[in-house]
Amino acid sequence: SSLAPAVQLLLGAVVGSGVGALGGWLLRNARRRGSAAEEFIGIAVLAMAVLAYVAAVAIGANGFVAAFCGAWPSGPAPAAETLRNWSTSSRPAPSSPRSSG
């Protein structure tokens, strides 16, 4: 690419952050409306990272930085929400398998 390395890094961060922010917003709204299952989150975050990478490489930016920034905004929040839901659920804790020794 003809861009300077610092510009490639900066553009990668901008592209990735944009994809991550938009994708995270869309995913949160879809989950709030009930049109995206909990199991879908991992695939959606992976898709955002891939989309950020492809978009960044297409314009000559750093794809690795874009992929990291594209997945980061949406990754931790759903995982934290899942842990909160699990810890406050009324389900009994899974029992450990008994050894037949």
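A residue counts as buried here when its relative accessible area is under 20%. By that cut-off, 30% of the chain's 101 residues are buried. The model is predicted.

**Stop 1: the whole chain**

Show the chain as a cartoon. It has 4 helices and 0 strands.

Now turn to contacts. Take those in the chain with a separation of 6 or more: 65% of them join residues 24 or more positions apart.

**Stop 2: α2 against α3**

Select residues 41–58 for helix α2 and residues 63–71 for helix α3. Their axes lie 7 Å apart, and the packing angle is about 145 degrees. The crossing of α2 and α3 is right-handed.

Which residues of α2 and α3 meet?

- From α2: V45, M48, A49, A52, Y53, A56 and V57.
- From α3: G63, F64, A66, A67, G70 and A71.

Colour this α2–α3 contact by residue class. There are 11 nonpolar residues, 2 polar and no charged.

**Stop 3**

A56 is then in contact with V15, A61, N62, G63 and A66.

**Stop 3: the largest nonpolar core**

Zoom out from A56 to the largest nonpolar core, which has 16 residues. Which members touch the most others? They are L27, V45, M48 and A56. Three helices, α1 (5–33), α2 and α3, each supply at least two residues of this core. The most come from α2, which gives 7.

In soluble globular proteins, nonpolar side chains tend to be buried together.

**Stop 4: α3 on its own**

Select α3 again and colour by accessibility. Is α3 mostly covered or mostly open? Mostly covered: 7 of its 9 residues are buried. Pick out G63, V65, A66, A67, C69, G70 and A71 to see the buried set.

What do the buried residues of α3 pack against? Bring α1 and α2 back into view, as both pack against them.

Notes: Residues are numbered from 1 along each chain as its sequence is written. This is a predicted model: local features need pLDDT of at least 70, side-chain atom pairs count only at pLDDT 80 or more; totals for chains, interfaces and linings use all residues. Side-chain values use heavy atoms; hydrogens and water are left out. Buried means under 20% relative accessible area, exposed over 50%, partly exposed in between (1.4 Å probe, protein chains only). Contact means heavy atoms within 4.5 Å. Axes are lines fitted to C-alpha atoms, for helices over the stretch in contact, and angles run from 0 to 180 degrees between N-to-C directions. A crossing is left-handed if the near helix is turned anticlockwise from the far one by less than a right angle, and right-handed if clockwise. Ala, Val, Leu, Ile, Met, Phe, Trp, Tyr, Cys and Pro count as nonpolar, Asp, Glu, Lys and Arg as charged, and the others, Gly among them, as polar. A nonpolar core is a set of buried Ala, Val, Leu, Ile, Met, Phe, Trp, Tyr and Cys residues joined through side-chain atoms within 4.5 Å. Lists of a residue's contacts leave out its neighbours within four places in sequence.
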